[in-house]
Every structure is written in structure tokens, then in C-alpha cells.
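Dear colleague,

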Amino acid sequence: MAESEHGIVGSSVLRKEGRDKVTGAARYVDDIRLPGMLHGATVRSTIARGKINRISFSPEINWNEYVIATAKDIPGKNCIALILDDQPCLADGAINHREEPVVLLAHPDKHALAKAVEGVLIECNPLPPIYSMEESEKQTEIIWGTDNIFKSFLIEKGDADQVWANADHIVEGEYFTGAQEHLYIENNGMIAAFDPAAGITVWGSLQCPFYVHKALMALCGLPEEKVRVVQMETGGAFGGKEEYPSMIAGHAAILAMKSGRPVKIVYDRLEDMVATTKRHPSRTRHRTAVSKDGKILGGEIDLTIDGGAYATLSSVVLSRATIHAGGPYFWPSVRIRSRALATNMPPHGAFRGFGAPQSLFAIERHMDRIAKVVGLSPQEIRRRNFLQPGQTTTTEQVIREPINLSGLMDKSLAHAGYEEKKKRFSLENKTGRIKRGMGIAAFLHGAGFTGSGERYLDSVVGIEGTADGSVRVLVSSTEFGQGTNTVLCQIAAEALGIPYEYVSIAQADTTIVPNSGPTVASRTAMIVGNLVRSAAIGLRQTLQSDGTLTATYTADEFVDACRKHVAKKGVLRSLARYSSPEGIYWDDVRYKGEAYAAYAWAVYIAEISVDLTTYSVKVQDFVALQEIGKVLHPVLAKGQIIGGVAQAIGLALYEKVLWQDGRMLNGQMTNYIMPASCDLPLIRVIFEEIGNPHGAYGAKGIGELPMDGPAPAIVNAVVDALGIDFDSVPLLPEEILAVMNSHSIATTDSAPAESSR
Amino acid sequence: MSLLPAPAKQEISLTVNGAPRTIHTFPMARLLDVLREDLDLTGTKEGCSEGECGSCSILLDGVLVNSCLIPALQATGSNIVTIEGLANDDRLHPLQKAFLQCGAAQCGICTPGMILAAVHLLEKTPKPSIEEIREGLSGNLCRCTGYLQIFEAVEKASRNEVAD
Amino acid sequence: MRADPADYELAAPGTLEKVLALFADEPGTWLPIAGGTDVMVLYAAGKLPARKLVNIGDLRELRHIEVTFSEVRIGAGCTYTDLRQHSVIANEFPLLARAAAWTGGIANQNRGTLGGNIANASPAGDSLPVLLVYDADLILVSVRGERRIPYRHFHTGYKKTLLAPDELIHSICISRNLKGYISYAKKVGARDAQAISKVFLAAMARISNATIEDVRLAAGSVGPVPIRLIGTELALAGRAIDNSLLETAGKVMAQEIQPINDIRSTAGYRSVVLRNLLGEFLQGLPGARIDS
């Protein structure tokens, strides 16, 4: 595992594109205007399920001024190519969710455009819609395939049927997580331009240029070299711009091809909220056989996620949720059954954590439930079941690294002042209207694509020397705040032994950069970073082998050698391609083996207060302790954790998607509540580093890890404070009151609630 | 009282980042759109269209406002500062430097509004407490940072501890 | 942005006299816009029915705070920031300063006006229950002159007020006779700042010998209008403060309010929490004997 010799990796260099961001110079898609550009808009269905009868156009509008496109205008295949290719780009006959795109309009004046959208009437014959997992699994209405099931998994380890006979306790629980909206502050947007010779070009807010590229090839019926995708500065993504951009790019492209003019489509907040993807809602059922000293003997886990109307990425979200469902614990035997169901909701999609927050919420709530039944503390139940090096996960992956979860937990508890606070709260909670509690969540997060996914991605990275002697990183990995540009340039600089300032990174343009895979799955620093390092070393070796650079050199000598080489040869470029590590085995059918090349591990502790006057929960203190291999950039790493914890606090306590007839009702920032500056405690971030042989400079992926822990830690803390079980998120004050009422504990005379055990 | 129909577009004069500007626009055009489209100052962003996210924040006559909620006519004769007006040629404002050093900008879309909110806060309260910082930034939503590194940046700038 | 600026007129007569003359000529035609924090939200959502607006944000006549011996007169055009920064308001009418601090973030406080909050007539307006317990009067102006009405008569139904089609709110008058009152206000929103109120209670009481001599209660977001809880006040007046008083008062209060389920909260939550806020207020009064 490479060490940081020059100290560039491991230091908090300034964000590579930071200056542009703090001066307002950074260019996001809506900041761009092209000559002759039209604005585009989408007319969407107003029912959740049915057949289109007729599309009519109001006589009050002069339609000659507008470009109009429907499914008939799609040059290639009417689908958004992703995994199952079941999602049309424009509805053609069948409607399967509210806000499904049907008609596209373009006009030079965006106000005239808005009026025209109102003037298109889509008349449908409605069919009975399915709005929930429960209705879907009844299969009384089949809305997708033959059984409403996008995908299912079965993981079996040991013999889950034999564990019940010897169990001293059998503990059951059912846990729910709701939809969550990404709420990136920059809405989705794309600009497309078409030229018959050059083909289609799109510029936009996106995470994965080559996903969009692949989708546009199929949609526009164009070969690879006639599709160009360019990422603009992207104002937040969180997975919400992983697959959705292919849809909006497709819309802009269709209009651009039909009109021969550039077309810009930018959503406003309402459209973005009601029409684009959300986190998959989930329901997890646990049934666990436990010995009297609190050891998990085995169990059954049943996990269902709501995929919405089309498959999109549900199979992969389900995969990750299923693999993480056992948490960081040793299961001698387990049976995990999971499925992604179709409903007539707008399709759900990638969102930071990607299934793991859902299933980890369940297991971490369940561990506290088990603790209560067995009569052990939350920390002791975990201690007795933590995975040890040498043991296997639910997919029978051997834990080969020297991870000490008990030690992590002890540190985390100490930082949080857990024992002292628990004692104090149990006294203080006897009186007064503010009840306090502590909650633990222990978890893991696999970085990179599952199993053979990275091999399938076959990522390629480039480093080139330029004419002025500086170096440019060529990747399709994108920056959207998490620090891609900075970390990859740091790695290149470190590997070459030149100053960070001498390294730049190319804009992610599919005509310029190779496909280093999508910017997802917390893979960028770890996997792409490693390839950047290899490519950089390759570049150095090229210069050293042609004699322009000696074995050791100064930065100036490097610049000189680089210039000379480029002047002479015209180009200096080194590519590196992913090759999967030895001894990695994954069975895609039985879902067994090395699911992930690396796991990051964490123990989070939440201290909360519940005010029984208002039933509001406030997070008073939060400790986020995690083992992440190696900290490549302290400030960026800390920022990822704090930001992820904040977003997960939103999932836990604030962010409820309200649905009405299959459409998001609260599609405005006034009514979809995310935590603001007054709502978050000082989140204390602690890093442990045991390295990672498969990650750049020992790093593991961390972008999604912080999303997994806060929700269960917080809810466990609320349960601790009130002595009542809560098993779903988001947990709003109204829900707390309702549950307390149903327990007949909440009275307006407020007798003190049962507090901690 | 004249009841002639009002002219559709009007000449509106105002000062933007120290320079006198005249725009020809509808009185109900939003100041945000005037800045971004008529004046090509795209540093001010649109996030929510309802004065909730603060990414459109600017200083108008020295006071922090959400430009998406201001009709152009109401900005007549006003003195506007946008993010583009903060740096002095190539010299960044201490808050801009502090934001860079503390990791307070991640995706950057909330950053212009957030920095101006911080400028406004430090002008009124040069040495704010953490509670005053939280309150001063309560109208600026950030989805990336979880705010803490933004608070650090504001504190650092308020203590004049920003290195060059 | 779902409105076309080309479809709207915004007149700016520049003086109060000229604005009132416009109203007199064309009553009910011109929608006043001051800070714009309500109007522009509707406008951008494409939900503003009015097409003609008149600027009152530049009327200096409306932006003053006069302090006399007996009362404070706040111009309707004063912003929430103006209220927070005024020492007499901060010292003598702290509930109003607090309500101003709870209304939106700093940028919206710099623009939103007290008159706008009143005229917009949302039952969730944060200043409104406070003005009710302060027994504020409104001065309404038109070409026909001035009239002074008790604020508590102003709201006649959901978003319906006593404002005539040719009238503007000129100022808000609050008497400086609140010595000896203990005051309380609590806003319950979805988060700690910048949130629309789910439940709001403003309360004031004068206590003598552990009994309630005078009490004023007003609630927001529990009915179509912000409401003085007159019945509850009667149930509390002259009594000692104990558990049974709270129980009685709570029952009366439940009859006076009409909370609903809406996008922000539930009727059940609002009822229970308002009741809890009343209890919190009473419990904080000297001589109260209420169990926590």
C-alpha cells in the first residue's frame, strides 16, 4: 500500500475549483446561454396509471411558434437505457406514474413556454393505481411484469431453519423508512445542441457522463462518436443526478434534433421535487434467534423496497440493501429474502447510501430491541456479536483486515460521554418535560461496485503532460462538491512528486476523457484514485525511460522533461485500466463471496432531547467515529462526514415526503423541511485509519458511509429517552405524539414517561 | 392622476457592484432574473423561487435580501452588491479566503448567497457568537456541508485569522 | 418562475396620497406590494390572481415608529428588522420583537413588513397573535380619511379582513400600559428557524396574590384566523393556578379552536400542543402549582 511520501496526500490543499465557487465564476448549466437557444419544457401526466386517449392542444395558443415532440419524434429507441430498459423517455400509450413525461415543448421565450405547457391536455382512461408496497405485493393489480417484482434476492448462510429450536429468545421487529428527496440546491438542468455532422452534444448537471452517453446513443439512434456529453459545474447530486440526467438530457436532445436549435431545459424546484427520483421507501422484517447470553444464533430478514413505476436502479439498490442487512455482526446462519416492488409512484432512484441506510436502520433498531429482550445494554449486545477478523459476513466474505469494532465502539462511547450521560439522564428524566436519551448505531459500508461490478466497469483513467509542463488528469469522474477534482489532483501530484498546483483536471467531456466509471458507490477516491496513481506512475516511467527524467528529480526538472517530451512527440499520455485484485471471488447467483473490496466501519452516537411540550426531537450532540482506511484530505473528509450526517438527520427527524394520489404534495422548500443552520449540533468527527490495500494510498470510500448511522442512532436515542418503541423514519413530532397516545402514556397532565431502563 | 396605461418595459437605473447600470425591463421582472440575464451576473443563483433557500441572496443598500422576491422596479436607485462585487480585483475578501481554507464550499451553489449573508452578519456583528452565526445564516440552506465548516469560516474571518 | 412579467403592471406613485387616490379611482384593482415576501412567492408560483400591483414599499409615510407617552405607533411599512432594532419595542413589547425574529430568515426579515403580515391575514402569521394580546389598534387610511379599529376585529374569516377596497393599513398602535404583565410566546415550527408556524401561543398575565388578575391569550394556526381565546381567558380570570384550573381552561380552549389537518401538521397535534403551551405558560407564573 502506497504511503504519502511528499505529504500532498493527507494534507488539506485548497479545493481545486474553489476560487471559482467563492467568486461566483463557477459555471452551472443555467448560467449558460447559447446563440439561438430555445427553452424546453415537459408536459406531464396528471394521473398515476392509465392509457392515453388523446392529446389536445388549446386553440388559444399559436402552436406554430413552438417545437412539439412526442414519442413519435424519438429517432432511436423510446427508452432511457439503464439496466432493464423498461422506462420510456416519453410515455407512449401507457401512463404508469404521476408526472410521467408525455409531450415536450420548446420556444425562444420561457414565459410563452410556461403558458403553452398549461395549454396541452392529456386525456386518459384511468386504471386502478398501486400506491404502496403492501398493495403491490397483493398482486391484485399487476402493473409491471408478471408479478410486480423488479428484482429479488435470496442469501442463505448456514441453516436458518435450525436456529429456532435452541433459541432462548426469538425477537421480531418491523422497520420502515420513508422516501427522501435529495434537495440538491441546484435543480436538474440540461442544454442540448444537434448538428447533423457532429451529432448531439449535451451540457448539464450530472454525475455520470457515460451513463448519459449510453442513453443518448440508444435514444437518438446515434453511434458512439456522434454523442458528446459534457458535465457543467454541478450544484449537489447525492445520487439524484446519477440516472435521472439521462432522462432530461434525452428530452433536451429530442427537442434539439427536431428544431435544429440548442435547447435548454432547467427544472424549477416544484418540478424537480415532484418528477424526479427519491430514496426507495423500505420495509424490513427481522426474526432473530438469540441465546440467553445475547449471541445471534441466526435469523430471517425480509426486506422490501418500493421502486416506483419503472425498474431504473432498483435492482442495484436492492442488492446493496440486502448485502448490508445483517449489519456489522456475525450471523452463523441467516436467510435474507428481498425484493424491489413496482408501484405507480414516480420511479425511485439512487440516493447516497443506496439501500444501505434502509437496511442498516432496521438492523440497528433491531439490535436495541434484542438488547431489551435479553436484558443487556445496547453496547454489550453489539460487543457480543461484532464481526471479528477471520469471521465471515452474511455473504460469507472473510473479514481479512484487523478491524476492532469493539475498540471503535469504546472510543466512540468515550467521546460521547455515553456512560455518564446515560446515568445522568436516567435520573433527570424522572421529572420535567425534557427527556434525554443516548443512541448507538454500529455499521459498515462497502465501497465500490458490488462483487464483479468493478471488473464489469473496466474503468480507464488517463494522465497527460501538457505543452507547458503541467499535468492534466483525465477521468469521467465528476465533481459535485465531494472533492473529486481536489483528491484526484492530489493523488497525481503525490505520485509524480510535483506540486499540487501543477496538476489540473479536465472537464468531464466524453470526447476528451476515458470512461473511469460512474461517480457513485463511494468509489472515486478509492478505485479511480488508485488508477490515477497508476497512470501517473506510468507517465513518470515514460519520461524516465526516454531519458528526459532521472530516477529522482525536482519539480522544475519534471516540468522541463514534460515540455520537451510534448514538444518532440506531440503528446504525453498514460492510461491505466482497472484490474481486479487477486483472490476476489463473487457468485452473482447465490450472492456469496467478496461483495466489496473494502468496508469502512463506524460507530455513531447520538444524544437527543425530546420536549414533551411540543414532541420535538433535537439532536444535542453527535459523535461520528469511523475507520476509513486513510484520510486523504482532512478538511474534505470531515466535510463529507458532517454533510452526510446532516442529511441523515434530515432523514431521521425532518424530511417527510407527503403523497397525494401518487404525487408529492409538499414539493416546495417551505413544506419539505431539511435541517438548517439552527437545527444541527456540533457534529464531532473522528477518523481511524487501518489502511486499505485496494484503495489509493490506503483510502476507503466515505461519501455514503455517514448516511447509514444517524437515523438508527437518533431513533435509538428517542426510544431510550421515552421508553417507547419507534420503528420508522422520518420520526416527526406528530408521529411521536400519535405513538405516545396509542401507548396511553401521553396525557395533557404529562405524568413522566417511562424513561431509560 | 394619470390613468394612461403603464409602458410595458421601463428604464430602471441602479448601481451594481459599484457601477451605474440601466436596464430596460418589465417592472415585475424579478431582480434575480435582471442580475442573471440582463446584467450577465450569473453568480447569484436560483434554488427555490420562494425566498426559502437564500441562494439568490444579495446586498441591497447594504441589507441582505432574497433577490428572487424583489420586483425590478423596487430596486430603482438602489445600490446592489452581488458575489461578483466582493473581491477587490484579484484580492479575495477575507470571507472568501476563509471559505476556501475551511472547506465551507463544496458544490458551491449556495456559496455566493452564503458568503453575502456572512458579509452582512459581520458588518452588523463583527464578533458574532456561534448562536449569532447560526441565526445570521438561518435563511441560507446548504445541503452539502452540514454548516459546521461554514461556521468555522465565519468565525475565522471574524477573528481576522485568515491567512493569505 | 411560472409567471410572465409582461402580464403584470407595477405602478409606483411614490407618495401615500397618490396611492390612496389610485385606490379611490380604481378600488379593488391594485394589489399593494411592500416587501414582497408573500406576494412574490405567489407570483413566482403562477398563483397570483392580481395583474396590477402598486408599490408601497417606497412610502416613507408608512415607515416610522413613533413613541408617545401612552403608545407606540408602528408604521405598517416597518420591516421585522426595524422592529427588532427599535429599543422601545425590544424592551416594552418583547413578544413583538421575538415574533419578528421568528419570521423567516434575516433576508426576509429585512423586507417583510408588519402591515404585510396583517394584510396577508394568514392564520399562521407570527406577529398576529402577539398583536392580539397587546390589544393593538390599527389605523386604516383612504381618501376618505383615517379610522382606528381594534385589531381583534380585523380578521373576519379565512383571509378576509375589514380592510375596505380603497384602504391601506397605515399604522399599528400599541398602548404602553403593560407594566406588571408577565408575557410568553412560543412558536412551534417544523424546525428551529425559518419555518411556518404549526402552532403559536402568545400570552400575558398579571398576577396578584397567586391569582390571575388579568390574562390575555391568543393562538395562531389553530383556525381560519388568529384568535383571542376569550373563553379561556374568562375561565382563568381571578383563579389560583393549579392543575384543575389547567384542566378546566384546557377544555374551554378546545372548544374555541378549530385546528385542521394540513400540509404542515395535524389537528390532533395542534390541539394537544396548544394545550401544552398553555400549561407551560401557566406553570411559569408566580404562585403556580402545576405538576410538570
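Predicted model: local features only at pLDDT ≥ 70, side-chain atom pairs only at ≥ 80, totals over all residues.

Residues are numbered from 1 along each chain as its sequence is written, and chains are lettered from A and ligands numbered from 1 in the order in which they are written.

Chain B is assigned domain 1 (10-85) and domain 2 (94-158), with bounds that come from an automatic or database domain assignment. The C-alpha centres of these two domains of chain B lie 21 Å apart. Across the boundary, 13 residues of domain 1 of chain B are in contact with 12 residues of domain 2 of chain B, contact being counted if the C-beta atoms of two residues, placed from the backbone, lie within 7 Å. On the domain 1 side, strand E3 (residues 57-60) of chain B gives the most, with three residues; strands (E, at least two residues) and helices (H or I, at least four) are DSSP runs, numbered from the N terminus.

In chain C, an open sheet of four strands runs in the order E11-E12-E13-E14 with antiparallel pairing, where two strands pair if DSSP finds at least two bridges between them. Its edge strands, each pairing on one side only, are E11 (182-189) and E14 (227-228) of chain C. Strands E12 (residues 197-208) and E13 (residues 211-220) of chain C pair over nine bridges, and Arg206(C) has Asp214(C) in E13(C) as its bridge partner.

With best regards
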